[in-house]
Every structure is written in structure tokens, then in C-alpha cells.
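Please consider the structure below, with attention to the ligand and its surroundings.

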Amino acid sequence: MKFNKICVVGLGYIGLPTATVFADQGIAVHGVDVNERAVKEINSGNPHITEPELDVILRRVISAGKFKASTKPEKADAFILAVPTPFKDGFIPDISYIEKAARSIAPVLERGNLVVLESTSPVGTTERLSEILAEERPDLNFPHTNIGIPDVHVAHCPERVLPGKILYEVVHNARIIGGITAECANAALNLYQLISKAECHITNARTAELCKLSENSFRDVNIAYANELSYICDSLKIDVWELIRLANLHPRVNILRPGPGVGGHCIAVDPWFIVAADPANAKLIKSAREINNRKPHYIVEKVKHAAEKLKSPRIACLGLSYKADIDDFRESPALEIVEAIVHQKLGEIKIVEPHIKELPKALQGSDATLTSLHNAIRDSDIVVLLVDHKAFLKFDREMLKEKIIIDTRGVW
Ligand code: SAJ
């Protein structure tokens, strides 16, 4: 199969880097996003997301004429869908963005095309994608019917990249490619071999879907174990950081780090897709989600407890993003904690977040102010470290003397 042109639908954290990496290999890439402003910015070489090196590659592929974005899909040899898969009330997966993306590409599909779903998806979504395409294009044969030779191949190749390291990982991480049929998997393998320097493993679509969900649930369960230990250590008056450091000296033990909770658009979301699909068996996975979700409330209670001892408490909250050194606030436990501290009026709040120039909407209009690390610590009684940004590691520790410290990341 020859891929002269590909169309990437969804130019977010996954779609945009993926599109630019393909374009950088000399393939003509047409990017699609519903957000007109993002499309404009992207076409002028300014990514609307922050990811190291992305701006450099984007500008290179735009000036080479290999990449163009618009709000409408165009004919191509392959289509990659990289749209969000959030959950609805009751932790039920919401695949409506995939459905919309599928219907948007259907009119331009041609015999011989390949459609790849990269979005993290509940089991069965790739087959559903094939069904939707078939509904829209009764003139073409699709693989889910298992009748005759499909005109269009459909596969799932879940993204596995770590925000902050996307451009390296998109090329160097092993990939799992699941086809609705073996031919579909092989077609997608040909596509990803154009950019991947790692092993690409083929399987069926359902296995690839559950594989991705299992990877993120694995991490969630392991973080839940660390967070559970932090609750236990608090109640038994043991330093959890020392405990974990010592336990990890065992050659087969590697306990992760407790924190203020688990954030991001992946690990805090994907395990629910397994729970929704098989609640009777997904007991540990569900319990891990609950343990991790409890953590932000637990930290707020700690801050409240400390504040109650002071007459007019001044509280410095360090960090708002969901993890260190990125500007991504999605599902951020740090943001959840600060919002609760502000709304419960636990004191005079100073916030430090080096990645923003103004407070997020949820905190605007409150008395909380955004300030520098130095000023926040100097003018506070309680210092709550929520994100282990590099910027929070280098300062004069003398400043913490006499302060009540709540270090949720164990870095001080
Ligand atoms: N966290 C802890 N303790 C730890 C490690 C992480 O509390 O020991 C917290 C982080 O602070 C953060 C959250 O967990 O709030 C998730 O951060 P992360 O760095 O573990 O993962 P993500 O969400 O940025 O990216 C994950 C990755 N999955 C795995 O590592 C299994 C990435 O490879 C996936 O591509 C991504 O999810 C995704 O898009 O699914």
C-alpha cells in the first residue's frame, strides 16, 4: 500500500504531533480540527498546545509545503482519527467525537483507503467505527461485515506517548496495531512503519483497545497502591517517602510515588472504560480509581486542619498543572485542591504556576492571587506543594523555616 497523502482528524495533543511527524517524513498531510482558531494558529506555524520541539517541526513541515490544516477532511490514502474520548455522567465512555469524526470523513472515502483510530477507546469502538462508515457509505464494503473483500481497511493503533516527551515517544515507543481483519492490521502496520523506529506488533482491534486501557489502568492501580500507603503511613505516623525508598531497595519492588491524586486526560479516565464494560470483574481497577480520586479531598482536609490552628492563615499553593513541567490542567488534582481551598475560604491564598500568566477561569473572580515563588513563600504561613515543577526545587530552603509544609510530592 502506498501512502502519498494522509488526513489526520483531531489536531490536539496526539493528532498534531502525529501529523507533523508524518509530514516530516515527506508525506503530504492534511490536518483537520473543528476549532477554527487552532487551525489558523497551526497554519501560521504556532501550535495551540505546548510540547517541546513541536513548534520547530511544525514550522519546518509548513514551509516545506507538506502540512496544511483546515476544518474539513480531504481525500487521502489514509485517515487517522485522534479525537477525545471523555466519559459522561456515571463514568460511561463518550465516543460521540469518534462518531462525528467518522461521519465527517465518510463522504471523501475511496476504495483502497485505510482508516485508523488512535483515540483511546472502549472495547468494540473500532468495529463501531467501521459500522458508522458503512452506514454513511453503503456503496463501499467495510471489514466488520466479514463478507467479501473490504474496500476500506479499518484498524486501531492506540497512542502511547507521554505528554512532555511526545515527539520522541511517537517514534520510539513500540506500537500495538489491531486490525478488524489481519489485512487491516497489515495495512496499518505499513503506515506506522513510515514513522516508527520501534517494533510494531499486530493483533486484532479488540485486543489493541483493551491493551491500551490495561496499560493506563496498570499505572493507575500502581499509583493507587502508593496513595493507599500514604494514607496508612499518615495514620500510623510513618514517613511514607522514607518507607517507599527503603522498600524499593528490594530487587523486585518498585513502588510508585504518592501524590495529590491522579490527573491528566488518560489515567484518570481510561480505567473507567474497563469498569463500564465489565463491572463484575473490574473490582481492583475500580477500587484504584476510588483510592486515587479520594486523594485531593484528603489533601484539602490536611490544609484545613493546618489552617484552623492559625488566626488569619496565609496559604501558598504551588502548582496547578496535572503533573510536573507541563501546562496541561486537564483533570488536575492540584487545580481541584486549590479550587476547594479557595471556595472553602480557608485563608488568604497565593498561587504559583510558572506556566500561566493569569489564573484559570475557575479561580478568576476569587480573592486568590497569582504570584512568584519567592513572594508566595515569603508571605505565607502554610506552603502546599502540589506539583513538582523543576522551578520549585531551586530556592533558598531557609525560607521554609517556621512554615507549615504540606509537600504532596515528597520532593522537599
Ligand atoms: N503520578 C503519581 N505518582 C506517580 C506517577 C504519576 O501520582 O508515581 C500522577 C501524575 O502526577 C499525574 C498522573 O499520575 O497526575 C498521570 O501522569 P503520568 O505521567 O503517569 O501519565 P500521563 O497521563 O501523562 O500519560 C499516560 C501514559 N501512560 C502510562 O504511562 C501507562 C502515556 O504513556 C499514555 O500515552 C497517556 O497516559 C495516554 O494518553 O493515555
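Helix 8 (residues 205-236) gives the largest share of the shell around the ligand, five residues; helices here are DSSP runs of H or I with at least four residues, numbered from the N terminus. The model is predicted: local features need pLDDT of at least 70, side-chain atom pairs count only at pLDDT 80 or more, and totals for chains, interfaces and linings use all residues. Residues are numbered from 1 along each chain as its sequence is written, and side-chain values use heavy atoms, with hydrogens and water left out.

The ligand is surrounded by 21 residues, the closest being Glu159, Lys212, Arg219, Cys266 and Tyr322; a residue counts when one of its heavy atoms lies within 4 Å. This shell divides into nine nonpolar, three polar and nine charged residues, where Ala, Val, Leu, Ile, Met, Phe, Trp, Tyr, Cys and Pro count as nonpolar, Asp, Glu, Lys and Arg as charged, and the others, Gly among them, as polar. Domain 1 (5-212) and domain 2 (247-266 + 294-407) both contribute to the shell, so the ligand lies between them; the bounds come from an automatic or database domain assignment.

Which atoms of the ligand lie 2.7 Å from a backbone N or O atom of Arg257? The atom concerned is a nitrogen of the ligand. An oxygen atom of the ligand is 2.5 Å from an N or O atom in the side chain of Lys212, and a ligand oxygen is 2.7 Å from a polar backbone atom of Val161. Taken alone the ligand exposes 780 Å², of which the protein buries 88%, with accessible areas from the Shrake-Rupley method and a 1.4 Å probe.

Definitions and conventions
A polar contact is a pair of N or O atoms within 3.5 Å; within protein, one must be able to donate a hydrogen and the other to accept it, and residues adjacent in sequence count only if both atoms are side-chain atoms. Helices (H or I, at least four residues) and strands (E, at least two) are DSSP runs, numbered from the N terminus.
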